[in-house]
Amino acid sequence: MRLPVKRTDRDVYYWDPFDEIRKMHDYLEQMFRNFPMLESRFGTETLSPLTDVAEEDDKVIVTTDLPGVDKENIELNLRDNILVVSAGKGKEEETEKEGYLRKERSFMRYYREIPLPDNVTDEGAVAQLKNGVLTITLPKTKSETIKRIQIE
């Protein structure tokens, strides 16, 4: 490339300033991928866990992966037929060797909002955590019978 670069009027007409921002964003993402220590140190990421929802005759079963999370660190809420799963896990590591002390902390957060059918209730709901898999069973309310009204 020879400097100075001369641009024609046509080049300026097709120039997109947001394209420059996208290029810089891509460059920074690539830099963090090449240096994973920077990503883990400065990245405060909330993960969306993988989730399966199965509907049966009288219940809805939600299964989600929460590896390494204790049941005390999981919060489940049901509001407006949306199941909210929120969990977190933290780790602190300390190494003391000759002449130096190394201390590292990390925290990971899981958050997921799962839409459910209209006839699901939290009364009688059961949640189990086994081997990092959370299974939530929510009963369905009985559907109302539809009565037909005759027009006179």
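Okay, quick one to start: how many residues apart are D19 and K23, and which helix do they lie in? They're 4 residues apart, and both sit in helix α2, so that's about one turn of the helix. Keep that in mind while we look around. And one caution before we go on: this is a predicted model.

Let's stay with those two. The side chains of D19 and K23 meet in a salt bridge, with 3.7 Å from N to O. Side chains of opposite charge can pair when their charged atoms come close. Is D19 buried, exposed or partly exposed? It's partly exposed, because its relative accessibility is 29%.

Helix α2 covers residues 17-34, and Y27 is in there as well. Y27 counts as exposed because its relative accessible area is 54%. Together with M24, L28 and F32, Y27 makes a nonpolar surface patch of about 400 Å².

Now over to the sheet. In what order do the strands come? It goes β2-β3-β8-β7, four strands in an open sheet with antiparallel pairing. The edges are β2, residues 51-55, and β7, residues 126-130; each has a single partner strand, so one side of each is left without a neighbour in the sheet. From one strand to the next, the twist averages 15°.

Let's zoom in on β2. Strand β2 pairs with β3, residues 59-65, in the antiparallel sense, over 5 bridges. In that pairing, E55 stands opposite V60 in β3.

E55 has another contact, and I like this one. K140 forms a salt bridge with E55, and the closest N and O atoms are 2.6 Å apart. What does this pair link? Distant parts of the chain: E55 is in strand β2, K140 is in the segment after β8, and they're 85 residues apart. K140 is buried, because its relative accessible area is 18%, and the cut-off for buried is under 20%. E55, on the other hand, is exposed, because its relative accessible area is 51%.

One more pair: E56 and K59. Their side chains meet in a salt bridge too, at 3.8 Å from N to O. E56 is partly exposed because its relative accessibility is 37%, and K59 is partly exposed because its value is 29%.

Okay, that's me done; go find them in the picture!

Technical notes:
Residues are numbered from 1 along each chain as its sequence is written. This is a predicted model: local features need pLDDT of at least 70, side-chain atom pairs count only at pLDDT 80 or more; totals for chains, interfaces and linings use all residues. Side-chain values use heavy atoms; hydrogens and water are left out. Patches are made of residues with over 30% relative accessible area and no salt bridge: like charges are joined within 9 Å, nonpolar side chains (Val, Leu, Ile, Met, Phe, Trp, Tyr) within 5 Å. Accessible areas come from the Shrake-Rupley method with a 1.4 Å probe; for residues, only the protein chains shown count as cover. A salt bridge is a side-chain nitrogen of Lys or Arg within 4 Å of a carboxyl oxygen of Asp or Glu. Helices (H or I, at least four residues) and strands (E, at least two) are DSSP runs, numbered from the N terminus. Buried means under 20% relative accessible area, exposed over 50%, partly exposed in between (1.4 Å probe, protein chains only). Two strands pair if DSSP finds at least two bridges between them. Axes are lines fitted to C-alpha atoms, for helices over the stretch in contact, and angles run from 0 to 180 degrees between N-to-C directions.
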